[in-house]
Amino acid sequence: MPATDTPLGAREHARAQADHAVTTMATVPAHTHPNPPAGITPTDLSWAETVAPGSYSTKVLARGSTLLLTDLEGEACAHLLLYNADQPGERLNVADTVKVPWQVYLTAGHPLLSDRGRALATILTDTAEGHHDALCGAAPAAVHARRYGDGSAWGPTPAARELLGLAAAKHDLGVRDLAPSLSFFKSVRVESDGALRFSATAPPGASVQIRAEMALIVLLANAPHRLDERPTYTCSPLQIFAWHGNPTRPEDPLWRSTPEVTRALENTADYLHARGIA
């Protein structure tokens, strides 16, 4: 290994890492990933990454893209925020996402709504059997500080909200832009008395597919759920793939699955048509 106490030595050391790969990293370009999802043409891939525990990622996805999240080892917790890539003031509204479809527990067929009545995305498939949470949001630093002793973004036990803040900054978004998020692969259930109970984790290999109904800014953090009371920072790698495709069309059965989904998709189509996008 070259010495790094001179600029030339540091350069040689840095360049020696060019072909070094680690387990948790992004593949760039995405189409060079050695193991794309089954049935997906590598050239269609737009995102291929494995996010380490206590880390984050972000990407801008085209309309019609499919986002595949996989909990590789059964302890990932994918905290998700979505924004209209053309007008980031429109973003995921978790309250409407559970209120409008009359369902608080996320699974296949559920629209992910903005506060303007539009479907930003829809959940296509869910092998995690609904082990997701739309009630609690991402844990802030204070929660992790009490539980683990530190919740800062650069500390040993970073909190999900702090990580989402780093992801947001890459799109000139700030703390005020961090609305409540969704959490995939960790479930919370409402008890008869209204209390929230941390219920279960998804099995290893569980996945969800989410279709972008418009161009989206996607923020993802992989960190323990705020109701996970285990004393150790328990989290495992999150695998991300995304590929190009088509948005939901009127002939798609999902479009007519419920009146609420129909209206949300119609609102999205109307907005995009007015902008000359569809």
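Analyst: Buried means under 20% relative accessible area, exposed means over 50%, and partly exposed is in between (1.4 Å probe, protein chains only). One thing to keep in mind is that this is a predicted model, where local features need pLDDT of at least 70 and side-chain atom pairs count only at pLDDT 80 or more, while totals for chains, interfaces and linings use all residues. Residues are numbered from 1 along each chain as its sequence is written, and side-chain values use heavy atoms, with hydrogens and water left out.

User: What makes Arg 91 and Asp 177 a salt bridge?

Analyst: Their closest N and O atoms are 3.1 Å apart. The rule asks for a side-chain nitrogen of Lys or Arg within 4 Å of a carboxyl oxygen of Asp or Glu, so the pair qualifies. Arg 91 lies in the loop between strand E4 (78-84) and helix H2 (94-99), and Asp 177 in the loop between helix H4 (160-169) and strand E8 (182-184), so the bridge ties together parts that are 86 residues apart in sequence. Those helices (H or I, at least four residues) and strands (E, at least two) are DSSP runs, numbered from the N terminus. Arg 91 counts as buried too, at 15% relative accessibility.

User: How many salt bridges does the structure hold?

Analyst: There are 13. One of them joins Arg 211 to Asp 252, with the closest N and O atoms 3.3 Å apart. That pair links distant parts of the chain, as Arg 211 is in strand E11 and Asp 252 in the loop between E13 and helix H5 (259-274), 41 residues apart. Glu 75, Lys 186, Asp 228 and Arg 230 are linked in a network of salt bridges.

User: Is Asp 252 buried, exposed or partly exposed, and how do you know?

Analyst: Partly exposed, because its relative accessibility is 23%.

User: What separates Arg 263 and Glu 266 in helix H5?

Analyst: About one helical turn, because they are three residues apart. An α-helix has 3.6 residues a turn, so residues three or four places apart point the same way. Arg 263 and Glu 266 form a salt bridge, with the closest N and O atoms 3.8 Å apart. Arg 263 is exposed at 52%, and Glu 266 is partly exposed at 33%.

User: Why are Tyr 148 and Tyr 233 called edge-to-face?

Analyst: Rings of Phe, Tyr and Trp (its six-membered ring) pair if their centres lie within 6.5 Å; planes under 30 degrees apart count as stacked, over 60 as edge-to-face and the rest as tilted. Here the centres are 5.4 Å apart and the planes are at 70 degrees, so the pair is edge-to-face. Tyr 148 sits in helix H3 (residues 141-148) and Tyr 233 in the loop between strand E12 (216-222) and strand E13 (238-243), 85 residues apart. Tyr 148 is buried, at 18%.

User: Which residues of H3 are buried, and what puts them on the same side?

Analyst: They are Val 143, His 144, Arg 147 and Tyr 148. They cover an arc of only 95 degrees around the axis, which puts them on the same side of H3. The arc is that of the directions from the helix axis to the C-beta atoms.

User: Where does the charged end of Arg 118 sit?

Analyst: Over the ring of Tyr 271, 4.1 Å from its centre. A charge sits over a ring if NZ of Lys or CZ of Arg is within 6 Å of the ring centre and within 35 degrees of the ring normal. Arg 189 lies over the face of Tyr 105, also with a value of 4.1 Å from the ring centre.

User: What makes the phi of Trp 102 worth a note?

Analyst: It is near 60 degrees, a positive value in a residue other than glycine. Most residues other than glycine have a negative phi, and most peptide bonds are trans. Trp 102 is found in the loop between H2 and strand E5 (111-113), and is exposed at 72%. As for peptide bonds, the one from Val 28 to Pro 29 is cis, with omega near -5 degrees.
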